[in-house]
Amino acid sequence: MSVDTVPATTLRAVKVGGKIGARIEGVRLGGDLDTETVDFIRRALLEHKVIFFSGQDHLDDESQYAFAELLGSPTTPHPTVTSRGTKTLAIDSEYGKANSWHSDVTFVDRIPKASILRAVQLPEYGGNTTWASQVAAYESLPDSLKALVDNLWATHSNAYDYSATSAEKIQNEKSAEYRKEFQSTYFETEHPVVRVHPETGEKTLVLGHFIKGFIGLPTKESQVLFNLLQDRVTKLENTVRWTWSLGDVAIWDNRATQHYAVADWDDQYRRLERITLAGDVPVHPNGQKSRVVAGDAEHYSVIDEPVLISL
């Protein structure tokens, strides 16, 4: 049964996009939610890939973390950025802008399964976030491209830092400090370009700006192919855009989506708090798992072992 049609309850999911995104109504987030509500949220996330909650002004770092624990095992805030919190990671505009398409932390072997983002301080205008479905992108590929990507692997590395390569290329002491910490430990992992989603069984692309190149292809050909596939992911029909208000919370399935923070708020201040949930090691449709080239992520996250469910 679709989570959009749960009977006799005030809890419901309202689609905000045809292929991705739903607004969840009738819930006050926190660590005291009952099992039925938590299960509803989990299923809504798997079905819609990104879900939104409004009116959650009561949340602070602690209660956001308590809620996160109901959905999975929170990671440390980041594999390398360890100076800005012990439970949440501040998405703080003073340290850079994430205006590049990416899935979170794909440079480690255990790609996070989900992220929970809470608006703390917002600009008067701008600063929306857009998500794209990598499941919808894969499903829309012609058979010829599916045959190509089904046999393709890519190297992901944290040497590609979105704050250092943003369109504005802002240089200041805080952003330079952040970039140095971001790259303080080198990580490199080989992931299949197509993985099997561990809970839904769907095939989904594994792309985003942390890709260093495709295995077996030279740099120029890798870039051309990367652009072709990324354009498929970020086709507007595969995306949903959220206009933030204070009290909003967004949760996205990091295994099935990419996201982009639209950096159009000029020099205003913007801050959101993110908690990330532990994920599994991606598995290719033929059963091969992602391979570590450099870096050990054990300090960052446990490896989650999800089970296949029926939506």
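Predicted model: local features only at pLDDT ≥ 70, side-chain atom pairs only at ≥ 80, totals over all residues.

Colleague: What makes the largest group of nonpolar residues a core?

Modeller: A nonpolar core is a set of buried residues of types such as Ile, Leu and Phe, joined through side-chain atoms within 4.5 Å. The largest such set has 25 residues, and those with the most contacts inside it are I24, L29, I51, F53 and I251. Several elements, including β2 (22–25), β3 (50–53), β5 (114–121) and β13 (249–253), each supply at least two residues of this core, while the largest share, 5 residues, comes from α1.

Colleague: Which residues does I51 touch, leaving aside those up to four places away in sequence?

Modeller: I51 touches A22, I24, I41, A44, L45, V249, A250 and I251. A separate, second core of 19 residues includes W101, L145, A154 and F226.

Colleague: Why is β13 described as largely enclosed?

Modeller: Buried means under 20% relative accessible area, and 5 of the 5 residues of β13 are buried, so this strand is largely enclosed by the rest of the structure. V249, I251 and D253 point one way from β13, whereas A250 and W252 point the other way, and all are buried.

Colleague: How do you know that β13 pairs with β3 and with β5?

Modeller: Pairing requires at least two bridges between two strands. β3 and β13 have 4 bridges in the antiparallel sense, with F53 partnered by V249; β5 and β13 are joined by 5 bridges and run antiparallel, with R118 opposite V249.

Methods. Residues numbered from 1 in each chain as written. Heavy atoms only, no water. Buried < 20%, exposed > 50% of the residue type's maximum accessible area, 1.4 Å probe, protein only. Contact = heavy atoms within 4.5 Å.
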